[in-house]
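Hi everyone, thanks for making time. I'd like to walk you through the charged side chains in this one, so let's get it up on the screen.

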Amino acid sequence: MTPPDTYGGRPRTPAPGAAAPERRIARLRGHARRLFWSALVLIAVAGATAYYYDNLPAPFENWMLLTAAGAALVLLVLVPYFVWLSRSWTITTRRVIERSGFFGSSSREISHVRGYAIQMRRGILQRLWGAGTLTLSNGVEPPLRLKNVPHAVLVHETLVDQVEVNQILAHRDSQANGSGAVEF
């Protein structure tokens, strides 16, 4: 039996000057509580449609009922779901990537090595659900906002750790290459 390579916590750091592989830490979407009303509409439309179908006086009214139910489902259930599904954030060991858009997607990223300020804002309902809004600002680019992130405190701690580790590794590599040494 061989001992484990790591005992939990951070993985081993790469040798100075060696390229570290980029690993995905987390992939996040906005908190799913946003879909609460859509779920209620889905239940209500399904119940009302089942109750009124074949209980209407004229046969063409059944088709009108099904058309209205389908339109309500598309507008009040499917559209909010696809809007929620179309935005995601990926945290890797090197950067934070924001992807948005369903058909035409756009992407933004911010690097851990450059460093950035992290601001966490949590409203009353966000605290109740453990969510929060994180704003990442490096002072050069427009701030990157992660809205309604679930487990906001854990994500905040992870981002702080990644910035610290990446800056330590960048400093160590610059010292190993001799670019940061000052000689008299």
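So, which glutamate does the side chain of arginine 87 meet in a salt bridge? It's glutamate 98, at 3.5 Å from N to O. Keep in mind that this is a predicted model. The pair links distant parts of the chain, with arginine 87 in strand β2 and glutamate 98 in strand β3, 11 residues apart.

The side chain of arginine 95 forms a salt bridge with glutamate 22, 2.7 Å from N to O. Glutamate 109 is in strand β4, so here the tied parts are 14 residues apart. Put together, Glu22, Arg95 and Glu109 make a network of salt bridges.

How accessible are these three? Arginine 95 is partly exposed at 25%, glutamate 22 is partly exposed at 32%, and glutamate 109 is partly exposed at 42%.

Last stop, the surface. Arg34, Arg121, Arg145 and Lys147 form a positive patch there. One of them, arginine 121, belongs to strand β5, residues 117-121, and is exposed, with a relative accessible area of 64%.

Methods: Residues numbered from 1 in each chain as written. Predicted model: local features only at pLDDT ≥ 70, side-chain atom pairs only at ≥ 80, totals over all residues. Heavy atoms only, no water. Patch = residues over 30% accessible without salt bridge, like charges linked within 9 Å, V, L, I, M, F, W, Y side chains within 5 Å. Areas by Shrake-Rupley, 256 points an atom, 1.4 Å probe, with all protein chains shown as cover. Salt bridge = Lys/Arg side-chain N within 4 Å of Asp/Glu carboxyl O. Lys, Arg positive; Asp, Glu negative; His and termini not counted. Charge placed at Lys NZ, Arg CZ, Asp CG, Glu CD. Helix = DSSP H or I, 4+ residues; strand = E, 2+ residues; numbered from the N terminus. Buried < 20%, exposed > 50% of the residue type's maximum accessible area, 1.4 Å probe, protein only.
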